[in-house]
Amino acid sequence: MEPFLDTGVTAWMLVSASFVLLMTPGLALFYGGMTRSKSVLNMMMMCFGAIAVVGCIYVLWGWSMSYGASIGGIVGNPFDQFGLGGSFDPISILNEETGAYMPTMVDVGFQATFAIITVALIAGSIADRVKYATWLVFAGLWATLSYFPMSHMVWGGGLLSGDGPFASIAEPVDFAGGTVVHINAGVAGLVLALVIGKRKGWPGEAFKPHNLPLVMLGAALLWFGWFGFNGGSAYGADETAGLAWVNTTTATAGAILGWLLTEKLKYGKATSLGAASGVVAGLVAITPAAGALTPVTSIVLGLVAGGASALAVSLKTKLGFDDSLDVVGVHLVSGLVGTVLIGVLAADGGLFTGGGVNLLLVQIIIAVIAIVWSGVITLVIALALKATMGWRIPDEDEVTGIDQTVHAERAYEGIS
């Protein structure tokens with residue numbers, strides 16, 4: 001069959017990639033609003049820095065490490081398609097029977113946006129207190145050593161894919177990045193928070209969000225962009241994309257309710273910050289499951305994720321680690337909820353749908369491997385940078401405000 005360009009799919013994937021790229025500026029608003037007024041620009045700069053660093057290295061070696069010739073099922077050969085050359089195939093076949101294809105360059109763009117936002121997510125765990133240069137170096141190293149191998153293992157035909165050893169039990173399911181994106185970033189955030197240490201004055205001082213409307217706007221943009229994140233992962237403008245869209249909506253709506261109900265029962269109030277955080281928790285949870293659940297079971301998943309993350313965010317104070325903007329409580333916890341509950345709720349193979357325990361077992365295995373992988377890699381990078389470049393800005397600079405001392409700017413002139 002003579003290959004032909006599927007313009008419909010190509011257009012859908014270009015739009016989806018654009019949606020996902022918008023998520024990182026949306027995240028900058030979400031995180032920026034949650035910080036103090038003297039730190040908002042630095043947090044937004046950390047997100048934009050992730051775009052800059054990862055946007056460059058992805059086309060150099062990130063694509064090749066994710067989808068190049070496999071090295072032991074762990075990582076692709078970085079030199080196989082370095083700079084999108086070598087064995088890089090400009091055509092990605094979508095349908096072997098019809099010969100329909102899209103340009104591979106479109107997929108490069110789509111996958112680059114995933115790598116970008118995964119790195120940016122980590123920034124929320126270390127707000128207010130780190131050297132910007134160290135963060136930029138970390139972004140490049142972590143993407144190279146943690147994200148690209150994980151994406152290869154899950155999506156590039158590696159150990160955690162349908163071609164890996166665990167598929168003999170049941171085929172692992174990660175539709176759009178429960179392990180690759182959210183567990184990966186959530187564990188990294190936890191490790192960095194522990195290695196770098198607490199903000200000066202935490203937890204005794206009030207570290208309240210300075211601009212809640214900004215937080216809600218950021219959450220709305222994340223929700224909008226997530227339709228590209230999940231819908232685009234169907235790789236077609238088809239029924240799977242439609243299912244992913246509806247599941248993304250219902251799970252997120254359920255998570256808002258789950259978070260607000262938990263807040264109301266625990267604190268007596270339902271807050272705007274809780275609603276915005278519930279949005280993100282639901283989006284995180286449905287990411288790996290968007291193509292595997294029904295709209296009704298997606299509501300159940302969202303309710304569980306929203307409630308679980310609402311309870312988890314208070315653990316940082318009890319356990320003494322300063323995860324500034326709840327990366328661990330939201331992304332790690334809801335990422336685990338979404339990844340594991342696929343094994344319970346999946347329409348095909350779930351424990352509650354007559355599929356037995358095999359899929360649940362596999363989902364637990366891939367979640368544990370993702371935790372260990374990210375934890376070890378992040379710890380090595382974090383300690384190496386601590387010993388060389390150093391992580392912390394001086395205490396007096398932190399008190400004055402990182403925006404002013406590091407970037408020589410203020411978000412709001414006339415306001416300290």
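The lining of the largest pocket comprises 12 nonpolar, eight polar and 10 charged residues (nonpolar: Ala, Val, Leu, Ile, Met, Phe, Trp, Tyr, Cys and Pro; charged: Asp, Glu, Lys and Arg; polar: the others, Gly among them). The model is predicted; local features need pLDDT of at least 70, side-chain atom pairs count only at pLDDT 80 or more, and totals for chains, interfaces and linings use all residues. Residues are numbered from 1 along each chain as its sequence is written, and side-chain values use heavy atoms, without hydrogens and water.

The volume of the largest pocket is about 810 Å³. A pocket is an open set of points on a 1 Å grid over the protein atoms alone, where a 1.4 Å probe fits, with protein on both sides within 12 Å along at least five of seven lines; lining residues have an atom within 4 Å of a point. Points are joined across faces, edges and corners, and a volume is the space filled by probe spheres set on them. Helices H7 (239-267), H8 (272-286) and H10 (315-319) each give two or more lining residues (helices are DSSP runs of H or I, at least four residues, numbered from the N terminus). H7 gives the most, with five.

The second largest pocket has a volume of about 590 Å³. Its lining has 23 residues, of which Val 154, Trp 155, Asp 174, Phe 175 and Tyr 235 are the closest to the centre. Helices H2 (40-67), H3 (104-122) and H4 (132-155) each supply at least two. H3 has the largest share, four residues. By class, this second lining divides into 13 nonpolar, six polar and four charged residues.
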